[in-house]
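Good morning. Please take a look at the sequence and the model on the screen, and then I will go through two places in it.

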Amino acid sequence: MKFYSLNNIAPDVSFKEAVINGIAPDKGLYFPRSITSLPDTFWSDIEFLEDQDIAFKAISQFVEDSLSKEELKSILKKVLDFPFPIIELDDHTSILELFHGPTLAFKDVGARFMANCLGIFSKGQNTEVTVLVATSGDTGGAVANGFIGVPGVKVVILYPSGKVSDIQERQLTTLGQNISALEVNGTFDDCQAMVKEAFLDKEITQQRKLTSANSINVARWLPQMLYYILAYKTLKKKNLPIVFSVPSGNFGNICAGMVAHRLGMPVKQFIAATNSNDTVPNYLNTRTYLPKKSVPTISNAMDVGDPSNFIRIDTLYQKSFDLLSNHLSSYSFNDDQTKKAILEVYNNYNYVMDPHGAVGFLGLKEYQKYHPETLGVFLETAHPVKFLSVVEETLNIKIPLPTEIEKLLHKEKVSIKIDKYKELKIYLLRDK
Ligand SMILES: *Cc1c(COP(=O)(O)O)cnc(C)c1O
């Protein structure tokens with residue numbers, strides 16, 4: 001399969017080139033030239049297939065010109081080595097827990113998939129690849145963890161100073177080796193803008209091979225479809241129309257779910273639940289897409305004012321507002337509502353949600369007011385300990401720390417503070 005640039009100027013590329021480039025030379029996001037549905041029997045008999053086999057069949061068409069069958073199988077084995085449990089709250093509400101990976105956030109799957117691909121693609125190349133990534137919270141840790149020790153790859157992470165949680169910050173500043181953390185005096189949008197500028201900067205790109213590990217990168221984005229497909233395998237037997245509520249920031253995760261839908265997975269509706277960064281819910285209400293500056297919230301991994309993957313979603317639905325709104329509902333919730341939901345679910349079900357999952361829960365409940373006869377699944381995208389102070393204050397309880405996190409608290413943070421783009425540039429161009 002070839003990938004084309006959504007700006008339509010740059011030439012089509014293979015999966016490998018799309019991963020190495022990150023973004024196309026004309027600054028467009030890469031998108032599959034065509035997506036072929038999986039056979040009906042795949043969906044009707046899915047419960048008889050092994051997870052690895054399901055994953056292989058779902059991803060194959062996207063990577064087949066760049067990875068051998070054996071390579072893809074071995075990557076999937078390494079990537080999918082932790083569970084994605086489904087917890088049932090009641091007959092119409094289930095939670096898909098995606099936080100059982102090494103950094104306790106759902107981004108581990110995409111980050112590890114991409115790291116393993118780049119590890120294979122950079123073998124035998126003599127130029128080192130620099131992965132440049134902006135994070136509003138969880139990407140940094142997942143990418144750092146996925147890429148640590150991968151030969152031929154250096155990782156530079158930009159994060160907004162004081163706007164990520166303590167645990168998130170430690171996850172990206174304590175690894176050392178080939179991972180460096182730049183602490184930016186600004187917001188996530190400032191970090192993302194600096195990364196974009198670096199990709200456009202010829203002085204840098206002539207000397208360094210840069211790529212992104214944000215969900216812009218197809219290797220980060222596409223494997224996320226597996227959550228939905230593997231969940232479908234379990235949920236199918238309930239025989240109710242399935243709706244997925246996805247706490248969304250850059251809209252990569254939900255867009256991957258929509259690719260699964262395009263592969264033939266039966267879903268009634270996707271719900272994009274956002275915090276106060278409400279560009280997409282506003283779009284669905286007003287038909288006007290107005291990106292804005294992001295505002296800080298307690299679900300900080302979704303503090304995005306101009307979601308980069310929205311263009312992919314729009315493309316999947318042929319840029320038709322009607323087609324899109326038939327498949328996507330979107331609602332926004334503020335921090336007070338989010339905290340109330342955390343408390344309500346704890347009191348009613350004795351389940352501890354993190355603020356991102358709580359936004360997903362709220363989105364689901366809003367939708368189900370009008371569509372009660374559905375099987376609602378909301379994605380719990382991070383372990384509540386990653387947002388310890390908010391969750392503990394809201395519930396007035398102490399949450400025990402998993403051992404991985406306990407260990408982190410004894411490690412020393414190492415970061416480089418920067419204010420302006422120029423400092424990033426100097427850093428990237430310094431002697432190795
Ligand atoms: C990144 C992240 C999100 C948002 O995912 P997108 O793909 O950017 O929409 C939601 N929750 C958590 C915990 C995250 O880390």
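Which residues of β9 are buried on one side, and which on the other? On one side they are Ile242, Phe244 and Val246, and on the other Val243, Ser245 and Pro247, so both faces are covered. Buried here means under 20% relative accessible area, exposed means over 50%, and partly exposed is in between, with a 1.4 Å probe and protein chains only.

A word on the source. This is a predicted model, where local features need pLDDT of at least 70 and side-chain atom pairs count only at pLDDT 80 or more, while totals for chains, interfaces and linings use all residues. Residues are numbered from 1 along each chain as its sequence is written, and side-chain values use heavy atoms, with hydrogens and water left out.

Back to strand β9, residues 242-247: 6 of its 6 residues are buried, so the strand is largely enclosed by the rest of the structure. Helices (H or I, at least four residues) and strands (E, at least two) are DSSP runs, numbered from the N terminus. Two strands pair if DSSP finds at least two bridges between them. β9 runs parallel to β12, residues 375-380, with 4 bridges, and isoleucine 242 has leucine 375 as its bridge partner there. β9 also runs parallel to β10, residues 269-274, with 5 bridges.

Now valine 352, in the loop between α16 (335-349) and α17 (355-370). Is valine 352 buried or partly exposed? Valine 352 is partly exposed, at 22% relative accessible area. Leaving out residues up to four places away in sequence, valine 352 touches residues including Tyr346, Glu380 and Pro384; contact means heavy atoms within 4.5 Å.
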